[in-house]
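Trainee: Could you help me learn to read pockets and salt bridges in a protein model? I would like to go one feature at a time.

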Amino acid sequence: ESDWKLLSSLPEFSYLFQPSSKPSEIMTATDPNELEARVLSTDNVVDAMGYIRRSYELYKANFGPLFIATLVVIAIIGASGSIPGGFLLTGIMHAGLYWFFLKWIRGSKAELGDTFAGFQRQPGQLILAGLVMGIVPMIVIFIVGLPFFIPLFASIIGSASTGTDPGNLLAHLGWLGCLGMGIGCLVALGLYVLWMFAYPLVIDKGLKFWPAMELSRKVVMKSFFGYLWLNILCGLVALLGVLACIVGVIFVAPVCAAAIAYAYEDRFARS
């Protein structure tokens, strides 16, 4: 041919320019057993500082969209606490934020609407995951601390029966009660770390809530202290935000969310 032609005008290549028969982000459920076998068969090196560093670089290069998306999610979760049944949004919005960051990490410029992807990508499973991950730690704190709360309960019951003012409840709680509550909180933190990948596994891999939580637990257990250190670093970053007139936590929250997303991507991207 002596003249240039559009590739789309040649019948042999017309199939390349036809619209896809299905959206590129249709969710296909992954076999949890097969995924587990692949993931657990590889070494698990947790580069906690590296995840924080990479998340900071991503945030610095794309401050506007990452900050706005995180702010919207935090605002919705905060406002949902005053709405009957609003707590059901927690899992959906957390997962949507992870989905938003995963798309950026994978080279796709996510839009604000991607933070609401949880409403299309297994919302029921995300609600169940959010309920279990929210209720179980509270039950654990209560059960672990219950034996230590006896002086507090005795003081409240005694005051109610005599009609007197119980006074400073914290004083009645005593050091044993504080110790029990502290132990319960540490156990709850451990559960949070074990389940840290549950939301991304549901929204990204299409797993049901319990297989996702179980796979997260098994993966984290292989390098528990590495992932614990990552969450501690995220907590320290959040603390810096709190020290910066409290509202500063909104500005550092994207670093924490992106760090968890990077840890997930490094562990599950090739699986």
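**Reading salt bridges and a pocket**

Mentor: Let us begin with one residue in this predicted model: aspartate 204 is buried, since its relative accessible area is 15% and the cut-off for buried is under 20%.

Trainee: Which residue does aspartate 204 meet in a salt bridge?

Mentor: A salt bridge pairs a side-chain nitrogen of Lys or Arg with a carboxyl oxygen of Asp or Glu within 4 Å. Here the side chain of aspartate 204 meets that of arginine 106, at 2.9 Å from N to O. Aspartate 204 belongs to helix H8 (residues 198-205) and arginine 106 to the loop between H4 and H5, so this bridge ties together parts 98 residues apart in sequence.

Trainee: Is arginine 106 buried or partly exposed?

Mentor: Arginine 106 is partly exposed, with 39% relative accessibility. There is also a network of salt bridges here, which links Arg106, Asp204 and Glu265.

Trainee: How many salt bridges does the structure hold?

Mentor: The structure has 8 of them. Another one joins the side chains of aspartate 114 and lysine 103, with 3.4 Å from N to O. That pair links distant parts of the chain, 11 residues apart: lysine 103 is in helix H4, while aspartate 114 is in the loop between H4 and H5. Aspartate 114 is buried at 13% relative accessible area, and lysine 103 is buried at 12%.

Trainee: What about glutamate 34 and arginine 38?

Mentor: Their side chains form a salt bridge too, at 2.9 Å from N to O. Both residues sit in helix H1 (residues 32-40), and because they are 4 residues apart there, about one helical turn separates them. Glutamate 34 is partly exposed, at 44% relative accessible area, and arginine 38 is partly exposed at 31%.

Trainee: Now for the pocket. What is the volume of the largest pocket?

Mentor: When reading a pocket, look at its volume and then at its lining. The largest pocket has a volume of about 830 Å³, and 36 residues line it. Those nearest its centre are Thr90, His94, Tyr98, Tyr192 and Tyr199.

Trainee: Which elements give two or more residues to the lining?

Mentor: They are helices H3 (63-80), H4 (89-105), H5 (123-145), H7 (169-194), H10 (224-243) and H11 (248-268). H5 supplies the largest share, 9 residues.

Trainee: How many lining residues are nonpolar, polar and charged?

Mentor: The lining of the largest pocket has 27 nonpolar residues, 9 polar ones and no charged ones.

Methods
Residues numbered from 1 in each chain as written. Predicted model: local features only at pLDDT ≥ 70, side-chain atom pairs only at ≥ 80, totals over all residues. Heavy atoms only, no water. 1 Å grid on protein atoms, 1.4 Å probe; cavity = no way out; pocket = protein on both sides within 12 Å on 5 of 7 lines; lining within 4 Å. Points joined across faces, edges and corners; volume = space filled by probe spheres on them. Nonpolar A, V, L, I, M, F, W, Y, C, P; charged D, E, K, R; others polar. Buried < 20%, exposed > 50% of the residue type's maximum accessible area, 1.4 Å probe, protein only.
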